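Here are some notes to read alongside the model.

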Amino acid sequence: MSDLPKVAETEELLKETSGSPPTRKTLIEKLDNWDDWASWDEFYRTYSGFVFHVARKTGLSDDEANDVVQETFIGVAKNLQKKKFDTSLGSFKSFLLNQARWRILDQFRRRKKQQSREANLYADETDERRTAPIDRCADPNGVALEKLWEKEWQDKVMDIALRRVRALVSPRQFQIFSCYVIKGWSPERVKKELGVNAAQVYLAKHRVGRILKREAAKLSEAEQ
């Protein structure tokens with residue numbers, strides 16, 4: 001995911017068209033063909049990083065998060081093979097969340113068992129030292145995970161939409177938009193550092209912003 005800073009003005013541009021990464025119905029349907037490696041590769045590249053980031057933010061380590069990714073996509077593949085997800089009946093976002101949730105919980109259970117074994121080896125340690133690591137982990141169940149999932153999903157929408165916009169406008173206009181709207185520079189700083197006038201700044205803001213809304217709307221429609 002892109003590390004571009006998110007500011008209130010940019011988020012406002014997407015508020016009306018908030019949706020999801022491009023869960024294109026045609027892409028998911030192509031996964032019925034187990035020999036279509038290109039579609040499976042595209043599917044994995046689209047969502048693996050997203051699942052990894054969510055797993056890390058629940059408190060899992062890199063290794064644990066990587067295990068979540070692998071186990072989640074094995075589960076997704078098995079469910080798609082058994083026709084347990086129908087693109088006409090529900091949201092892929094919710095389906096993927098449930099697949100990832102179970103694997104995240106499994107990792108916390110494994111960690112807790114490991115810590116219990118270690119606690120028995122160091123019975124003379126203080127309770128704080130023995131229990132603090134698991135207590136500090138975010139609870140991956142319930143509302144907390146759903147909120148985190150939604151936030152990461154929206155960030156991915158922003159990242160994909162911005163990459164699409166970059167290819168649709170001139171490098172100069174995207175640079176002005178990026179500095180003014182995404183990075184939050186003042187108009188004066190944009191004019192000074194990029195050597196442009198006020199009209200160019202506001203033109204880039206409105207033109208690129210309009211295209212950004214349109215691309216975000218397309219991503220949203222792909223989920224319908």
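1. Which residue forms a salt bridge with arginine 109? The partner is aspartate 106, and the closest N and O atoms of the pair are 2.8 Å apart. A salt bridge here is a side-chain nitrogen of Lys or Arg within 4 Å of a carboxyl oxygen of Asp or Glu. Because aspartate 106 and arginine 109 are three residues apart in helix α5 (residues 92–121), about one helical turn separates them. Aspartate 106 is partly exposed at 29% relative accessible area, and arginine 109 is also partly exposed, at 48%. Buried means under 20% relative accessible area, exposed over 50%, and partly exposed in between (1.4 Å probe, protein chains only).

2. On provenance: this is a predicted model, in which local features need pLDDT of at least 70 and side-chain atom pairs count only at pLDDT 80 or more, while totals for chains, interfaces and linings use all residues. Residues are numbered from 1 along each chain as its sequence is written, and side-chain values use heavy atoms, with hydrogens and water left out.

3. The structure holds 13 salt bridges. One of them joins the side chains of lysine 57 and glutamate 152, at 2.6 Å from N to O. This pair links distant parts of the chain, with lysine 57 in helix α3 (residues 37–57) and glutamate 152 in helix α7, 95 residues apart. Helices are DSSP runs of H or I with at least four residues, numbered from the N terminus. Glutamate 152 is buried, with a relative accessible area of 2%.

4. Aspartate 155 counts as buried at 12% relative accessibility, whereas lysine 151 is partly exposed at 43%. Elsewhere, salt bridges that share partners join Arg164, Arg214 and Glu215 into one network.

5. Helix α7 (residues 143–168) packs with helix α8 (residues 171–182) at an angle of about 145°, the axes being 10 Å apart. Axes are lines fitted to C-alpha atoms, for helices over the stretch in contact, and angles run from 0 to 180 degrees between N-to-C directions. Leu162, Val165 and Arg166 of α7 make the contact with Phe174, Phe177 and Ile182 of α8, where contact means heavy atoms within 4.5 Å. Five of these residues are nonpolar, none is polar and one is charged. In this count Ala, Val, Leu, Ile, Met, Phe, Trp, Tyr, Cys and Pro are nonpolar, Asp, Glu, Lys and Arg are charged, and the others, Gly among them, are polar.

How values were computed. Helix = DSSP H or I, 4+ residues; strand = E, 2+ residues; numbered from the N terminus.
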